[in-house]
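I opened my notebook to record a first look at this model. My entries follow in the order I looked things up.

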Amino acid sequence: MPLTGTPRRKAKVSRKRGQLVPALLFLLPALLGFIAFFAWPAVRGIYLSFTDYNLLSDPEWVGLENYQSIGSDPVFWRSMVVTLQYVLINIVVQTIAALGLAVLLHRFTKSMVIRGVVMLPYLIANVIVALVWYWLADYNLGLINSALDAIGLDRIGFFGDQQYAMTTIALVNVWRHLGYTTLLIFAGLQAIPGDVYEAAAVDGAGEWRVFRSITMPLLRPVLAFVLVVTVVGSFQIFDTIAVTTQGGPVDATNAITYYIYDRAFTRFDFGYASALSVILMIILAVIALVQMRVLRANQSDLER
């Protein structure tokens, strides 16, 4: 059997081994950060979820007691309903608005300035955005209510009324994240070959038919990614609530993340808060997996 290729093969293997050490050194900072700030806290949190822990004494093992208490906790179930309400409003409004805006950008302009303006709200910190909108929507002094009063309409307690508080918070976050979601979809639109649209135009397809039969199917992997990211992110809403309503009025905005914060850092019940966090982690993992499977995010119609 000829062995002419053996020296070359050995040289290739040796070269790969020589590249392994530098590669591992480049990965080491990220790996250490992942272990220190994600992996270890996750493992520690799972352990604490089976304990009674309040920072003042050592954790006391209680088994599944925290999880059993969650099942009969009315505040937990109320917080899940509130969170789902927020997620539904945020996802539906943000996705539809971002899709429409991305199509407009793709069809009518290539200006980097306009793209920058669309992206600008996302570059502002969430806390600042929340405070600005909180002042704008203030019942007595806010510009929005002053404008409503000027045209003869009743003032609205956007953040202080149970009926409007969570919807207001959801729309504030839609405003902030709309540009980021738009640019993700815009990037997906640019990846669609132009000859597909040219063929549709030759066949006499109208704008709506092209959008429904070509754009949406070819955009599906990007939309699946956007939905997974936005749904997971929406379940983690915290900062806007923390600086505006603090879960009120009457738990109307007490989302699951704020409830976890309240149990951990207000009541110092870290064991119960850890159990809530584990439940939330499982819920998000299941939702992400179901979305990826149902939307076939790893497949593209361009490959058919």
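The model is predicted: local features need pLDDT of at least 70, side-chain atom pairs count only at pLDDT 80 or more, and totals for chains, interfaces and linings use all residues. Residues are numbered from 1 along each chain as its sequence is written, and side-chain values use heavy atoms, with hydrogens and water left out.

Next I looked up the partner of Asp262. Asp262 forms a salt bridge with Arg267 (a side-chain nitrogen of Lys or Arg within 4 Å of a carboxyl oxygen of Asp or Glu). The closest N and O atoms are 3.1 Å apart. Arg267 is partly exposed, at 47% relative accessibility.

How many salt bridges does the structure hold? I noted 3. Another one joins the side chains of Arg263 and Asp269, at 2.9 Å from N to O. Both Arg263 and Asp269 are buried.

I then turned to Arg155, which pairs with Asp149 in a salt bridge. Their closest N and O atoms lie 3.4 Å apart. Arg155 is partly exposed at 27% relative accessibility. Asp149 is partly exposed too, with a relative accessible area of 44%.

Pocket next. I read a volume of about 560 Å³ for the largest pocket. A pocket here is an open set of points on a 1 Å grid over the protein atoms alone, where a 1.4 Å probe fits, with protein on both sides within 12 Å along at least five of seven lines; lining residues have an atom within 4 Å of a point.

Which residues lie nearest the centre of the largest pocket? I wrote down Pro41, Ile260, Ser277, Val278 and Leu280, from a lining of 20 residues. Helix 1 (6-48), helix 11 (256-266) and helix 12 (270-294) each supply at least two lining residues; helices are DSSP runs of H or I, at least four residues, numbered from the N terminus. Helix 12 gives the largest share, 8 residues. I sorted the lining into 15 nonpolar, 5 polar and no charged residues.

Last, I checked the record. UniProt, in an unreviewed entry, places "domain: ABC transmembrane type-1" at residues 80-291. Such annotations may be inferred rather than shown by experiment. I found residues 80-291 to be 75% helix and 0% strand. The end C-alpha atoms of that span lie 19 Å apart.

Key: Grid points are joined across faces, edges and corners, and a volume is the space filled by probe spheres set on the points. Ala, Val, Leu, Ile, Met, Phe, Trp, Tyr, Cys and Pro count as nonpolar, Asp, Glu, Lys and Arg as charged, and the others, Gly among them, as polar. Buried means under 20% relative accessible area, exposed over 50%, partly exposed in between (1.4 Å probe, protein chains only).
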